[in-house]
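These are my notes from a first look at one structure. I wrote down each thing as I looked it up.

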Amino acid sequence: KAGVTQTPRYLIKTRGQQVTLSCSPISGHRSVSWYQQTPGQGLQFLFEYFSETQRNKGNFPGRFSGRQFSNSRSEMNVSTLELGDSALYLCASSSPEQGRDYEQYFGPGTRLTVT
Amino acid sequence: GQNIDQPTEMTATEGAIVQINCTYQTSGFNGLFWYQQHAGEAPTFLSYNVLDGLEEKGRFSSFLSRSKGYSYLLLKELQMKDSASYLCAVSSTGGFKTIFGAGTRLFVKA
């Protein structure tokens, strides 16, 4: 089974621009979570989607948004980029199998650099 | 609020045993995760504890005390490849979200 894939792997953007990141979960997984990882703050939860619905979100400004499609693929968008948005953005999917829905599988991440 | 504390760095010798502690304060606790993350790579799942006690999985064991808000990850027979960051994370009931600690960087020396 293929793992979680994220595109693009690396991205360089300028302040004020917007960016869209994509995540394809493991086949059959319906839950997708997004995280931001920086050296100073560690891994921070952005939001979680299940069956196209956002079930929870972290403490990030409204510039950060996401969505999930019917095939469980997910995208996150960051508008009006700031220098502080430079980070590794990770997505993780989990299985709907009962008793294993806690086990998250992470993708390789998208490294975003804002200049 | 929610808070997770773990040591920033630890160093241990190949073949030895190391214990990485994690304390947490959270509302609506559901379970506690441990993840391993090598530099430049994504985190990989190690364990998930819901009930108090020790769970062993090969060279790795994880312990949880819900009443004390405390967990530890025990790594036995350390190998050089165990040099990585170890992330403690808590999931909250009904929240569908996982809060991570800052991670503990473990250095294994020969």
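Entry 1. Which residue stands opposite Glu48(A) in β6(A)? I looked it up and found Asn56(A). The strands concerned are β5(A) and β6 (residues 53-57) of chain A, which run antiparallel and are joined by four bridges. I note the terms here: helices (H or I, at least four residues) and strands (E, at least two) are DSSP runs, numbered from the N terminus. Two strands pair if DSSP finds at least two bridges between them.

Entry 2. Before going on I noted the ground rules. This is a predicted model, in which local features need pLDDT of at least 70 and side-chain atom pairs count only at pLDDT 80 or more, while totals for chains, interfaces and linings use all residues. Residues are numbered from 1 along each chain as its sequence is written, chains are lettered from A and ligands numbered from 1 in the order in which they are written, and side-chain values use heavy atoms, with hydrogens and water left out.

Entry 3. I stayed with the hairpin of β5(A) and β6(A). It has two residues between the strands, and Ser51(A) takes a positive phi near 50° there. Glu52(A), in the loop between β5 and β6 of chain A, has a positive phi of about 70° although it is not a glycine. I recorded this since most residues other than glycine have a negative phi, and most peptide bonds are trans. Glu52(A) is partly exposed, with a relative accessible area of 47%. The cut-offs are under 20% relative accessible area for buried, over 50% for exposed, and partly exposed in between (1.4 Å probe, protein chains only).

Entry 4. I looked for other backbone exceptions in chain A. Thr80(A) has a positive phi of about 45° and is not a glycine. I found Thr80(A) in the loop between β8 (74-78) and β9 (87-94) of chain A, partly exposed at a relative accessible area of 47%. A cis peptide bond, with omega about -10°, joins Thr7(A) and Pro8(A). Pro8(A) sits in the loop between β1 (5-7) and β2 (10-13) of chain A.

Entry 5. I turned to chain B and listed its elements. There are eleven strands and zero helices. The radius of gyration of chain B is 13 Å, close to the 13 Å that the globule rule gives for 110 residues, so chain B is as compact as a globular protein of that length. That radius is taken over C-alpha atoms, and the rule is 2.2 Å times the number of residues to the power 0.38. The C-alpha trace of chain B spans about 45 × 30 × 20 Å along its principal axes. Of the 110 residues in chain B, 49% are buried.

Entry 6. I traced a sheet in chain B. It is open, has five strands in the order β1-β3-β8-β7-β6, and its pairing is antiparallel. The edge strands are β1 (3-5) and β6 (53-57) of chain B, each pairing on one side only. Inside this sheet I checked β3 (residues 18-25) and β8 (residues 70-75) of chain B, which pair over six bridges in the antiparallel sense. Thr23(B) has Tyr70(B) as its bridge partner in β8(B).

Entry 7. Next I followed β11(B). Strand β2 (residues 9-13) of chain B pairs with β11(B) in the parallel sense over five bridges, and Glu9(B) has Arg105(B) as its partner. On β9(B), which runs antiparallel to β11(B) and is joined to it by three bridges, Tyr86(B) has Thr104(B) as its partner. In a regular strand the side chains alternate between the two faces of the sheet.

Entry 8. Which residues lie nearest the centre of the largest pocket? I found Gln37(A), Pro39(A), Gln37(B), Ser85(B) and Arg105(B), out of 24 lining residues. At least two lining residues come from each of β4 (31-38) and β5 (42-50) of chain A and β9 (84-92) and β11 (104-109) of chain B.

Notes:
1 Å grid on protein atoms, 1.4 Å probe; cavity = no way out; pocket = protein on both sides within 12 Å on 5 of 7 lines; lining within 4 Å.
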